Amino acid sequence: MKTLKIPEATIIRLSVYSRHLTDVDRKGIVTISSGDIAEGVGVSPAQVRKDLAYFGEFGTRGVGYNVKDLHRHILKILGLSQDWSVCLVGMGNLGLALTTYKGFRERGFIITSIFDNDPQKIGTTVNGVEVLPVDRLEEVAKANKTQIGIISVPSPYAQEIADKLISAGVQAILNFAPVVLNVPPEVELRNVDLAVNLEVLTFNVGTRRS
(Lines give C-alpha, C1' and ligand atoms only; values in the text may rest on other atoms or scores of the structure.)
Protein backbone atom coordinates (compact mmCIF):
# COMPACT_ATOMS: atom_id res chain seq x y z
CA MET A 1 0.00 0.00 0.00
CA LYS A 2 1.61 3.26 -1.14
CA THR A 3 0.03 5.77 1.20
CA LEU A 4 1.75 8.70 -0.50
CA LYS A 5 -0.57 8.31 -3.49
CA ILE A 6 -3.75 8.26 -1.41
CA PRO A 7 -5.57 11.63 -1.52
CA GLU A 8 -5.70 13.49 1.77
CA ALA A 9 -9.44 13.93 1.26
CA THR A 10 -9.77 10.15 1.40
CA ILE A 11 -8.02 10.01 4.78
CA ILE A 12 -10.32 12.74 6.09
CA ARG A 13 -13.37 10.80 4.92
CA LEU A 14 -12.06 7.60 6.53
CA SER A 15 -12.04 9.44 9.85
CA VAL A 16 -15.66 10.48 9.24
CA TYR A 17 -16.59 6.90 8.29
CA SER A 18 -15.04 5.58 11.49
CA ARG A 19 -17.08 7.96 13.64
CA HIS A 20 -20.25 6.96 11.81
CA LEU A 21 -19.42 3.29 12.30
CA THR A 22 -18.95 3.92 16.02
CA ASP A 23 -22.47 5.35 16.21
CA VAL A 24 -23.89 2.50 14.13
CA ASP A 25 -22.18 -0.12 16.29
CA ARG A 26 -23.62 1.45 19.44
CA LYS A 27 -27.09 0.95 17.96
CA GLY A 28 -26.40 -2.77 17.63
CA ILE A 29 -26.31 -2.83 13.82
CA VAL A 30 -24.19 -5.75 12.59
CA THR A 31 -23.88 -5.15 8.83
CA ILE A 32 -23.93 -2.00 6.75
CA SER A 33 -23.84 -1.22 3.03
CA SER A 34 -21.82 1.44 1.21
CA GLY A 35 -25.14 3.18 0.58
CA ASP A 36 -25.92 3.25 4.29
CA ILE A 37 -22.48 4.71 5.06
CA ALA A 38 -22.85 7.24 2.27
CA GLU A 39 -26.24 8.38 3.50
CA GLY A 40 -24.95 8.68 7.05
CA VAL A 41 -21.98 10.90 6.18
CA GLY A 42 -23.22 12.79 3.12
CA VAL A 43 -21.20 11.34 0.23
CA SER A 44 -22.02 8.98 -2.63
CA PRO A 45 -21.88 5.15 -2.32
CA ALA A 46 -19.32 5.14 -5.14
CA GLN A 47 -17.10 7.48 -3.13
CA VAL A 48 -17.26 5.18 -0.11
CA ARG A 49 -16.30 2.16 -2.22
CA LYS A 50 -13.50 4.08 -3.92
CA ASP A 51 -12.04 5.28 -0.62
CA LEU A 52 -12.05 1.79 0.87
CA ALA A 53 -10.63 0.23 -2.31
CA TYR A 54 -7.32 2.06 -1.75
CA PHE A 55 -6.71 -0.28 1.17
CA GLY A 56 -8.02 -3.62 -0.07
CA GLU A 57 -11.30 -5.46 -0.34
CA PHE A 58 -13.78 -5.27 2.51
CA GLY A 59 -17.24 -6.74 2.91
CA THR A 60 -19.22 -9.18 0.79
CA ARG A 61 -21.00 -8.27 -2.43
CA GLY A 62 -24.76 -8.27 -1.87
CA VAL A 63 -24.34 -8.46 1.89
CA GLY A 64 -22.35 -5.40 2.89
CA TYR A 65 -19.72 -4.80 5.53
CA ASN A 66 -19.50 -6.21 9.02
CA VAL A 67 -19.62 -3.04 11.12
CA LYS A 68 -17.09 -4.11 13.76
CA ASP A 69 -14.64 -5.55 11.21
CA LEU A 70 -14.76 -2.51 8.95
CA HIS A 71 -14.39 -0.17 11.90
CA ARG A 72 -11.38 -2.12 13.14
CA HIS A 73 -9.76 -2.01 9.68
CA ILE A 74 -10.28 1.74 9.35
CA LEU A 75 -8.87 2.43 12.82
CA LYS A 76 -5.79 0.40 11.90
CA ILE A 77 -5.39 2.35 8.64
CA LEU A 78 -5.63 5.64 10.56
CA GLY A 79 -3.08 4.44 13.11
CA LEU A 80 -5.68 4.40 15.87
CA SER A 81 -5.20 0.79 16.92
CA GLN A 82 -2.67 2.14 19.44
CA ASP A 83 -2.54 5.01 21.92
CA TRP A 84 -0.56 8.15 21.08
CA SER A 85 1.32 10.23 23.64
CA VAL A 86 0.48 13.91 23.14
CA CYS A 87 1.85 17.04 24.76
CA LEU A 88 0.07 20.38 24.67
CA VAL A 89 1.90 23.69 24.89
CA GLY A 90 -0.11 26.78 25.80
CA MET A 91 -2.87 26.79 28.41
CA GLY A 92 -4.89 29.74 27.21
CA ASN A 93 -8.60 29.44 26.46
CA LEU A 94 -7.95 27.27 23.41
CA GLY A 95 -5.46 25.07 25.24
CA LEU A 96 -7.91 24.55 28.09
CA ALA A 97 -10.65 23.58 25.64
CA LEU A 98 -8.34 21.09 23.94
CA THR A 99 -7.24 19.44 27.17
CA THR A 100 -10.83 18.92 28.29
CA TYR A 101 -12.03 17.55 24.94
CA LYS A 102 -13.04 13.93 25.62
CA GLY A 103 -12.86 12.99 21.95
CA PHE A 104 -9.05 12.90 22.04
CA ARG A 105 -8.86 10.13 24.64
CA GLU A 106 -11.70 8.22 23.00
CA ARG A 107 -9.68 8.13 19.77
CA GLY A 108 -6.45 7.13 21.51
CA PHE A 109 -4.79 10.54 21.79
CA ILE A 110 -3.61 10.74 25.40
CA ILE A 111 -2.43 14.14 26.63
CA THR A 112 0.47 13.08 28.86
CA SER A 113 1.96 16.52 29.50
CA ILE A 114 0.91 20.18 29.44
CA PHE A 115 3.20 23.22 29.38
CA ASP A 116 2.85 26.96 29.89
CA ASN A 117 5.02 29.89 30.96
CA ASP A 118 2.42 31.57 33.21
CA PRO A 119 3.47 31.17 36.89
CA GLN A 120 -0.20 31.18 37.93
CA LYS A 121 -0.92 28.17 35.73
CA ILE A 122 2.26 26.19 36.38
CA GLY A 123 1.61 23.59 39.08
CA THR A 124 -2.14 23.47 38.53
CA THR A 125 -3.75 20.26 37.33
CA VAL A 126 -6.05 19.80 34.33
CA ASN A 127 -7.74 16.43 33.88
CA GLY A 128 -5.16 14.84 36.14
CA VAL A 129 -2.18 16.31 34.26
CA GLU A 130 0.05 18.89 35.94
CA VAL A 131 0.89 22.06 34.01
CA LEU A 132 4.67 22.27 33.77
CA PRO A 133 7.02 25.14 32.82
CA VAL A 134 7.99 25.29 29.14
CA ASP A 135 11.67 24.90 29.97
CA ARG A 136 10.92 21.29 30.98
CA LEU A 137 9.28 20.47 27.64
CA GLU A 138 12.16 18.58 26.04
CA GLU A 139 12.99 16.62 29.18
CA VAL A 140 9.41 15.50 29.85
CA ALA A 141 8.47 14.88 26.22
CA LYS A 142 11.47 12.59 25.82
CA ALA A 143 10.66 10.74 29.06
CA ASN A 144 7.05 10.23 27.93
CA LYS A 145 8.15 9.21 24.41
CA THR A 146 5.76 11.85 23.15
CA GLN A 147 4.85 11.39 19.49
CA ILE A 148 2.54 14.36 18.86
CA GLY A 149 2.79 17.97 19.99
CA ILE A 150 -0.04 20.51 19.99
CA ILE A 151 0.94 24.17 19.83
CA SER A 152 -1.58 26.73 21.09
CA VAL A 153 0.71 29.63 21.98
CA PRO A 154 0.85 33.18 20.56
CA SER A 155 2.46 33.42 17.12
CA PRO A 156 5.81 34.93 18.21
CA TYR A 157 6.58 31.86 20.34
CA ALA A 158 5.31 29.11 18.04
CA GLN A 159 8.55 28.43 16.13
CA GLU A 160 10.56 28.22 19.35
CA ILE A 161 8.08 25.68 20.72
CA ALA A 162 8.16 23.72 17.47
CA ASP A 163 11.97 23.56 17.68
CA LYS A 164 11.76 22.23 21.23
CA LEU A 165 9.22 19.59 20.22
CA ILE A 166 11.39 18.47 17.32
CA SER A 167 14.46 18.33 19.57
CA ALA A 168 12.46 16.10 21.93
CA GLY A 169 11.78 13.64 19.11
CA VAL A 170 8.15 14.53 18.45
CA GLN A 171 7.08 13.09 15.08
CA ALA A 172 4.02 15.26 14.35
CA ILE A 173 2.81 18.74 15.26
CA LEU A 174 -0.70 20.18 15.30
CA ASN A 175 -0.27 23.95 15.17
CA PHE A 176 -3.04 26.35 16.16
CA ALA A 177 -0.82 29.45 16.05
CA PRO A 178 -1.57 31.60 12.95
CA VAL A 179 2.01 31.47 11.68
CA VAL A 180 3.99 29.40 9.18
CA LEU A 181 6.34 27.00 10.96
CA ASN A 182 9.58 25.61 9.58
CA VAL A 183 9.95 21.91 10.35
CA PRO A 184 12.13 19.17 8.80
CA PRO A 185 10.47 16.94 6.18
CA GLU A 186 10.37 13.95 8.51
CA VAL A 187 8.07 15.81 10.93
CA GLU A 188 4.38 15.86 10.01
CA LEU A 189 2.84 19.32 10.39
CA ARG A 190 -0.84 20.25 10.36
CA ASN A 191 -1.84 23.90 10.69
CA VAL A 192 -5.28 24.82 12.01
CA ASP A 193 -5.94 28.51 11.46
CA LEU A 194 -9.46 29.17 12.74
CA ALA A 195 -9.65 32.63 11.17
CA VAL A 196 -8.72 31.26 7.74
CA ASN A 197 -11.45 28.62 8.00
CA LEU A 198 -13.99 31.29 8.91
CA GLU A 199 -12.86 33.37 5.96
CA VAL A 200 -13.35 30.39 3.64
CA LEU A 201 -16.89 30.09 5.00
CA THR A 202 -17.68 33.76 4.46
CA PHE A 203 -16.22 33.61 0.93
CA ASN A 204 -18.39 30.63 0.07
CA VAL A 205 -21.50 32.26 1.56
CA GLY A 206 -20.77 35.50 -0.29
CA THR A 207 -20.27 33.63 -3.57
CA ARG A 208 -23.67 32.00 -3.26
CA ARG A 209 -25.33 35.36 -2.68
CA SER A 210 -23.70 37.05 -5.67
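I began with the second largest pocket of this predicted model, and by class I found its lining to hold 5 nonpolar, 7 polar and 3 charged residues. Its volume came out at about 300 Å³, and of the 15 residues that line this pocket, Arg49, Phe58, Gly59, Arg61 and Tyr65 lie nearest its centre. Helix H3 (residues 45-53) gives the most to this lining, with 3 residues.

I then turned to the largest pocket, for which I noted about 1,600 Å³ of space; it is lined by 34 residues, and the closest to its centre are Ile11, Leu78, Phe109, Ile148 and Arg190. I sorted this lining by class into 23 nonpolar, 6 polar and 5 charged residues. Helix H1 (8-26) gives the most to the lining of the largest pocket, with 5 residues, while the elements that each supply at least two residues also include E3, E7 and helix H6 (102-106).

The C-alpha centres of domain 1 and domain 2 are 31 Å apart.

Last, I looked up strand E3 (residues 84-89), in which 6 of 6 residues are buried: Trp84, Val86 and Leu88 cover one side, and Ser85, Cys87 and Val89 the other. I found E3 paired in the parallel sense with strand E4 (residues 109-116) over 6 bridges, with tryptophan 84 standing opposite phenylalanine 109. E3 also runs parallel to strand E7 (residues 148-151), joined to it by 4 bridges, and there the bridge partner of cysteine 87 is glycine 149.

Terms used: Residues are numbered from 1 along each chain as its sequence is written. This is a predicted model: local features need pLDDT of at least 70, side-chain atom pairs count only at pLDDT 80 or more; totals for chains, interfaces and linings use all residues. Side-chain values use heavy atoms; hydrogens and water are left out. Domain bounds come from an automatic or database domain assignment. Buried means under 20% relative accessible area, exposed over 50%, partly exposed in between (1.4 Å probe, protein chains only). Two strands pair if DSSP finds at least two bridges between them. On a 1 Å grid over the protein atoms alone, a cavity is a set of points where a 1.4 Å probe fits but cannot get out, and a pocket is an open set with protein on both sides within 12 Å along at least five of seven lines; lining residues have an atom within 4 Å of a point. Grid points are joined across faces, edges and corners, and a volume is the space filled by probe spheres set on the points. Ala, Val, Leu, Ile, Met, Phe, Trp, Tyr, Cys and Pro count as nonpolar, Asp, Glu, Lys and Arg as charged, and the others, Gly among them, as polar.
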